[in-house]
Amino acid sequence: MTSPSSNQRPNKFASHLEGYAAQTKGKTGLKRIINAAGYSKDGLVAAYQNEAAFRQVAWLNSILLVALIFLPFMMPIKMILVFSSFFSLIVELFNTGIEASIDHTSTERHPLAKMGKDVGSAAQLLALTMLFLLWMMALYTTFINFY
């Protein structure tokens, strides 16, 4: 039995995969990183093109991040606001992925499908509420409490 080279570790799950999945799971090293970056780009493009909620959150956070450049917040506050902006985008991507997976499985009404979609939506509501509260605290601390 030959041992795998350092670049080619066997994937214990690859033997159970077929087609496209089997082709992509065995990659390692720089090739895997390049492929992963391409898949990530594809995911962002798909979310932007197919999901209005993602476009809305993306534009909202773009505006907030541009505003952040010009507002006189201290660096720790800016860092927290940047984190919360990216967090809301990440949650929307997860929510979009959950919805797409449920819709792929079945378009029939089912209580578990509704719960899955509703929970994803609730996560986004909490992320956007956090974003709003952090911005309000930053504005209050910098402008109202300052005077």
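Begin by selecting helix H5, residues 111-144, in this predicted model.

Keep H5 selected and colour its buried residues, which are Ala113, Gly120, Gln124, Ala127, Leu131, Trp135, Ala138 and Thr142. If you then show the neighbouring helices, you will find that these buried residues of H5 pack against H3 and H4.

Next, move to helix H3, residues 52-70, where the reasoning about length can be repeated: its 19 residues, at 1.5 Å each, should span 27 Å, and the 28 Å between its end C-alpha atoms agrees with that. The buried residues of H3 are Phe54, Val57, Ala58, Asn61, Leu64 and Leu68. Turn the view until you look down the axis of H3, and you will see that its buried residues fall within an arc of 135°, so they line one face of the helix. The face turned away from this buried side carries Gln56, Trp59, Ile63 and Phe70, which are exposed. On the buried side, the packing partners of H3 are helix H2 (29-50), helix H4 (75-105) and helix H5 (111-144).

Now display H3 together with H4. Their axes come within 10 Å and cross at roughly 170°; because an angle over 145 degrees counts as roughly antiparallel, H3 is roughly antiparallel to H4. To see where the two helices touch, select Ala53, Phe54, Val57, Ala58, Asn61, Leu65, Leu68 and Ile69 in H3, which meet Lys78, Leu81, Val82, Ser85, Phe86, Ser88, Leu89, Glu92 and Leu93 in H4. Colouring this contact of H3 with H4 by residue class gives 12 nonpolar, three polar and two charged residues.

How do the axes of H2 and H3 cross? They come within 5 Å and cross at roughly 105°, which means that H2 is roughly perpendicular to H3. On the H2 side, the contact is made by Leu44, Ala47, Tyr48, Gln49 and Asn50, while Ala52, Phe54, Arg55 and Trp59 make it on the H3 side. Sorted by class, the contact of H2 with H3 has six nonpolar, two polar and one charged residues.

Notes. Residues are numbered from 1 along each chain as its sequence is written. This is a predicted model: local features need pLDDT of at least 70, side-chain atom pairs count only at pLDDT 80 or more; totals for chains, interfaces and linings use all residues. Side-chain values use heavy atoms; hydrogens and water are left out. Helices (H or I, at least four residues) and strands (E, at least two) are DSSP runs, numbered from the N terminus. The expected span of a helix is 1.5 Å times one less than its number of residues. Buried means under 20% relative accessible area, exposed over 50%, partly exposed in between (1.4 Å probe, protein chains only). The arc is that of the directions from the helix axis to the C-beta atoms. Contact means heavy atoms within 4.5 Å. Axes are lines fitted to C-alpha atoms, for helices over the stretch in contact, and angles run from 0 to 180 degrees between N-to-C directions. Angles under 35 degrees count as roughly parallel, over 145 as roughly antiparallel, 65 to 115 as roughly perpendicular and the rest as oblique. Ala, Val, Leu, Ile, Met, Phe, Trp, Tyr, Cys and Pro count as nonpolar, Asp, Glu, Lys and Arg as charged, and the others, Gly among them, as polar.
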